[in-house]
Amino acid sequence: MVAVDGVMYSAWLFMAALGLTLIYGVMKIVNVTHGSFYALGAYAGASFTGAWLARGYPPMLSYAVLFAAALVITLAFAPLIERGILRFMYAKDEVVILLITYALFLILEDTIKLIWGVDPYFVAEPYALLGSFELAGLSYPTYNLILVGLALAMGGALAWLRHGTRVGKLLLAVIHDPEVSRAMGINVGKYYLVTFTFGSMLAALAGSFTAPTVSVVPGLGVEVIVLSFAVVVIGGLGSLPGAALGAVIVGLVRSFSVHYMPQVELFVIYFVMAMVLAFRPRGLFSLAEPRKI
Amino acid sequence: MRRDRTPEVIGVIFLVVALSGPWLPQWAMFILTIAFARGLVALGLMLLLRAGLVSFGQALYYCLGAYAAGALGKFIGVGDIFVQMLAGAAVAALVACVLGFLLARYRGIFFGLLSLALSMILYGLLVKNEALGSTDGFNILPSTLFGIRPAADWVRYCVVVAAAFAGLAAALLVHRYLNTPLGRLAPAIKDNEIRVEYMGASARSAIHVKYVIAAVLAGVGGALAATNVGHIDPEMAYWTTSGEFIFITILAGTGNVIAPFAGALIFGVIHTLAYDLSPNTWQMSLGAALLALIVFLPNGLWSLFARRKAA
């Protein structure tokens with residue numbers, strides 16, 4: 001039972017953190033706006049699906065609506081942010097870019113409040129629609145299986161894009177040395193734009209598919225962003241298998257503590273993060289980096 | 001070279017606060033006290049920023065200082081503001097000394113992320129701690145000054161004077177510290193750490209010292225904030241609180257020890273005004289201001305002032 005909960009929570013964490021590690025891996029940006037995209041996705045998912053169901057359209061298609069909502073909302077915001085602001089900042093120090101994304105995060109938080117107001121949104125239909133299944137005498141909502149499946153699909157798709165396609169190989173060149181890639185005729189700016197949009201879309205997808213399981217309220221992204229940081233840092237910033245491992249570790253640790261020692265729930269997550277940073281500062285899946293002179 | 005007038009300016013600020021205090025309305029004193037409390041934290045962050053380090057977890061020490069002050073009142077019944085500040089400083093110093101051994105090895109983004117994790121650990125502990133009021137926190141005793149309980153109308157005045165005293169004394173000490181060899185090492189560490197080590201100085205121990213100083217300042221700031229507000233809760237350790245401190249530090253710049261206090265005051269006023277005028281968009285104005293600062297004034301508001309003086 002603990003393990004099942006842990007796996008489900010891990011799947012959610014993995015979805016939430018995947019885009020963060022992708023964006024860091026390619027662009028070397030610790031992207032605080034990731035939390036905003038999660039929240040944007042959640043709001044868009046909740047309101048689109050709510051509108052869809054209110055018109056009486058087939059509820060089974062609401063999953064497609066959740067998907068489309070994340071897509072639309074990301075395309076509305078991510079390219080704007082990358083082209084309009086981040087593009088001019090790449091030359092700056094990593095920490096400065098982190099502050100810039102923090103500023104953007106603050107702006108997006110209030111943009112969300114302006115668009116959707118401060119009242120909570122509920123759309124439980126997609127969650128309740130599938131009923132539940134039994135495992136070892138306990139029933140679990142089937143919707144959670146969708147989340148696990150989606151997490152696996154997202155991770156798989158990303159791994160395939162990175163290792164199995166031409167685009168992925170070119171991306172590797174961009175990661176390795178943007179300057180030389182540019183000289184070789186790769187449109188690095190385009191790769192950054194696509195990476196940022198795609199990474200943000202993963203966050204928005206995580207948000208929109210989580211929306212039916214929670215009440216969507218302001219401040220949703222604030223918590224997600226630190227959790228995702230923990231996951232990504234444990235695994236190693238920029239590493240895809242690292243994010244998966246980080247999600248599994250955090251997910252299991254949390255579900256064990258919730259079941260056996262609920263008073264340390266939050267504490268253990270960040271304790272693990274601090275321990276990993278203390279012994280492997282660059283995360284579990286990371287290569288040694290020479291000290292630059 | 002121009003004579004450095006910072007100590008005189010600090011003295012004048014203290015006199016102005018102390019003398020004008022009795023005529024100030026209560027809310028103005030509240031904002032001033034909070035500005036001094038936040039300014040102390042920002043002063044510490046400024047020390048780290050001069051060495052190129054950004055701590056995303058300074059709320060750890062702010063919160064520790066506040067809880068140390070609160071626990072004194074709650075469990076021992078001591079509400080003296082100076083004792084509270086000392087307790088905040090002591091607890092922060094102790095924790096920072098230990099954590100410093102770990103953190104002094106980190107640079108750049110990893111320094112930020114590890115300090116973030118540490119402050120979230122404290123948040124996680126406090127949220128689940130029933131004895132300390134979990135998410136609600138607890139109220140703390142009204143303050144006394146050297147064991148004397150001031151009349152109700154004068155409590156705020158005493159607190160603001162104590163805050164001004166602590167803040168400006170710290171500013172003075174940090175100002176002197178910046179002119180010592182250890183203090184001057186900071187920009188060198190930022191520029192090129194390996195050269196610093198070739199010169200025979202240890203970057204790691206220099207950073208450790210700065211980290212402990214920054215923590216002590218934040219601890220005192222937290223104790224002041226606790227006394228001023230009269231209530232503490234775990235939110236003080238959350239990462240958004242650290243974000244506010246970073247905002248103040250960036251706003252102020254690293255040019256002078258008075259800058260963080262000016263930055264904190266500006267932040268407090270903006271915060272209050274924006275919250276009053278449009279509670280749903282104040283974060284947006286904050287974000288836009290931060291963005292504009294990073295792009296147009298990377299050395300903070302103080303650089304405007306310094307440039308004008310140089311011209």
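Which residues in helix H7 of chain B are buried? In this predicted model, the buried residues of that helix, which runs over residues 181-191, are Leu185(B), Ala186(B) and Ile189(B).

## Helix H7 of chain B

What do the buried residues of H7(B) pack against? Their partners belong to chain B and are helix H2 (26-50), helix H8 (193-198) and helix H9 (203-229).

## Chain B as a whole

Chain B contains 13 helices and two strands. Its radius of gyration is 19 Å, close to the 19 Å that the globule rule gives for 311 residues, and chain B is therefore as compact as a globular protein of that length. The C-alpha trace of chain B spans about 55 × 45 × 40 Å along its principal axes.

Of the 311 residues in chain B, 52% count as buried. When contacts in chain B between residues at least 6 apart in sequence are considered, 82% of them join residues at least 24 apart.

## The contact between chains A and B

The two chains meet through 36 residues of chain A, which are in contact with 35 residues of chain B. On the chain A side, helix H4 (94-116), helix H10 (220-235) and helix H12 (265-279) each supply at least two residues. The largest share of that side, 16 residues, comes from H4(A).

Which classes of residue make up the side of chain A that touches chain B? This side has 29 nonpolar, two polar and five charged residues.

## The largest nonpolar core

In soluble globular proteins, nonpolar side chains tend to be buried together. The largest nonpolar core in this model has 218 residues. The members that touch the most others are Met15(A), Ala230(A), Tyr270(A), Met273(A) and Ala117(B).

Tyr270(A) has contacts in both chains: leaving aside residues up to four places away in sequence, Tyr270(A) touches Ala230(A) as well as Ala117(B), Met120(B), Ile121(B) and Gly124(B).

## Confidence of the prediction

The model scores ipTM 0.81 and pTM 0.85. For chain B the mean pLDDT is 83, and 93% of the residues of chain B reach 70 or more.

Among the elements of chain B, the highest mean pLDDT, 90, belongs to H9(B), whereas helix H13 (residues 302-310) has the lowest, 65. H9(B) is also one of the helices against which the buried residues of H7(B) pack.

Terms used
Residues numbered from 1 in each chain as written. Chains lettered and ligands numbered in written order. Predicted model: local features only at pLDDT ≥ 70, side-chain atom pairs only at ≥ 80, totals over all residues. Buried ≥ 20, exposed ≤ 12 C-beta atoms within 10 Å, placed from the backbone. Helix = DSSP H or I, 4+ residues; strand = E, 2+ residues; numbered from the N terminus. Contact = placed C-beta atoms within 7 Å. Nonpolar A, V, L, I, M, F, W, Y, C, P; charged D, E, K, R; others polar. Core = buried A, V, L, I, M, F, W, Y, C linked by C-beta atoms within 7 Å. Rg over C-alpha atoms; globule rule 2.2 N^0.38 Å. pLDDT = per-residue confidence, 0-100.
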